[in-house]
Amino acid sequence: MTLPFGPPLAPMLAKLQEQIPEGPGWLYEPKWDGFRAIVYKDGDELSIISRDNKPLERYFPELPAAIAAVTPPACVIDGEVVLCDEKGLDFDQLQLRIHPAASRVAMLSEQIPASFVAFDLLAEGSTDLRATPLKERRRALEKALAGAEPMPANPSIEDVISTLTPAPRVALTPQTGDVAIAASWFELLENVGLDGVIAKKDDLLYEPNKRVMVKIKHKRTADCVVGAYRVHKSGDGVGSLLLGLYDDSGTLHYVGHTSSFKAKERPELLAMLKPLEGGTSFGGGRAPGGPSRWTGAKEKTWVPLKPELVCEVSFDFLQGNRFRHAATFIRWRDDKKPEECGFDQLPLRR
C-alpha cells in the first residue's frame, strides 16, 4: 500500500458559533449540504468512506471513476458528496440514494447522479499531510485537483450550479480570507442550498474527531401549531411535540418536531396535552411517518391533538418545506391563533 494510512479515520469536526470569526489567520469556505466523506485512492483502488466509517461507493457508483480521473495516483481527500440540479443542492434526492436495492441505486445514479466537493488533502503518495498547516494543505490540494471542475473564487448561485451540473462532477470548494466575502456567501448561497459558512485557522493541523473548526449556520424562528405528540421512551411524559403549519387552503401539514424539554417538564406537558387528545391533527395533510428503512423498528407512533396550541421554535435549515433537524422550543404563543401559522413564515427555496 502506497498510502501512509487508511480507513477508519474520523473526520475533523466543527463547533457551532453564532457569528463569523474575524481577525488574522482565518480562512472561510461555504458549508456544503451533503454527506461528509473521505476518499482513499491508491492506484486502481478507490474507496469513499462516510463519517461513520461506511463505504459509499455502493450507493454512488458513478463517483469512483469521476474522482479517479482528476486525482493523483495515491491520495486521501476530505470532502462532501452532494447532489445538485438546476435549482441547487437537493438533500432530499441525495437521501434517496441510500437504498438497499442495488437495481434502484443503479437507476438513480443515472437519473440523479451525485458530485464530490473536495476541501482538504490529508495525504498524497506516501506523505501524510495531517501535521501540515491548512494553508499548505490547501495549496497542495489545488495542485492535486488541477483537473477538477473550476469554481470561481467568489461564486454566484449560477456558478455553483454550473460547476456541479451535469453530474457527476468533482470540484474544489472555494476559500477566502476575506470575511466580507464569507458573509456574502452566508446570505446569498443559502438560496442554492448551502448550509452556512465554515471558518478555519490557516495554521490548523488536521485533528480527527475534534471540533477545531467553526461552523456558522442559519438560525430562524417560526410559530407552529402543536398537532400531536410522542410519548417519551421512558413512558413518563411527552418525548416530543409534533409541529405543523397551514398551507394556503387551510390544511395542516407536519413540518418537524421539538424535544428540548427537561425531565421534570415532560409529565407536566403530558397533563397539559391530555384534554386535547383525539383531535383532527394532521388528518388532511402530510403526517408524521411511521417505521421506515431510515428508522428501522423504532417506535414512531404519535398521539393526535386538537390543533389549538401554538409555540415558537427555532430551526437552522429546511429540507424542502420541513425542518431538517429537531427544532428548539422557545415559548408558548397564547397570543397567536393556530390558523395564522402558515408556510409564509419560512424562507422560500426550491
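**Conventions.** I am working on a predicted model, so I kept the cut-offs in view: local features need pLDDT of at least 70, side-chain atom pairs count only at pLDDT 80 or more, and totals for chains, interfaces and linings use all residues. Residues are numbered from 1 along each chain as its sequence is written, and side-chain values use heavy atoms, with hydrogens and water left out.

**Aromatic pairs.** I began with F35 and F91, and both are buried (under 20% relative accessible area; exposed is over 50%, partly exposed in between; 1.4 Å probe, protein chains only). I then searched the whole structure for aromatic pairs and found seven. The rule takes rings of Phe, Tyr and Trp (its six-membered ring) with centres within 6.5 Å; planes under 30 degrees apart count as stacked, over 60 as edge-to-face and the rest as tilted. The rings of F35 and F91 have centres 5.6 Å apart and planes at 85 degrees, so I logged the pair as edge-to-face. F35 lies in strand β3 (residues 35-42) and F91 in helix α2 (residues 91-96), so the pair ties together parts 56 residues apart in sequence. Helices (H or I, at least four residues) and strands (E, at least two) are DSSP runs, numbered from the N terminus. Ring pairs also link F35, F60 and F91 into a cluster.

Next I checked Y254 and F282. Their ring centres are 5.8 Å apart and their planes at 80 degrees, so this pair is edge-to-face. Y254 is in strand β15 (residues 252-258), and F282 is in the loop between α7 (265-273) and β16 (303-304), 28 residues apart. Both Y254 and F282 are buried.

**Charges over rings.** I required NZ of Lys or CZ of Arg within 6 Å of the ring centre and within 35 degrees of the ring normal. The charged end of R324 sits over the ring of F91, 3.8 Å from its centre. R130 lies over the face of F5, at 3.8 Å from the ring centre.

**Strand β17.** Is β17 (residues 310-315) mostly covered or mostly open? It is mostly covered: six of its six residues are buried. V310, E312 and S314 point one way, and C311, V313 and F315 the other way. I looked up its partners, where pairing needs at least two DSSP bridges. β17 pairs with strand β13 (residues 220-231) in the antiparallel sense over six bridges, and C224 stands opposite C311. With strand β20 (residues 328-332), β17 pairs in the antiparallel sense over four bridges. There E312 stands opposite R331.
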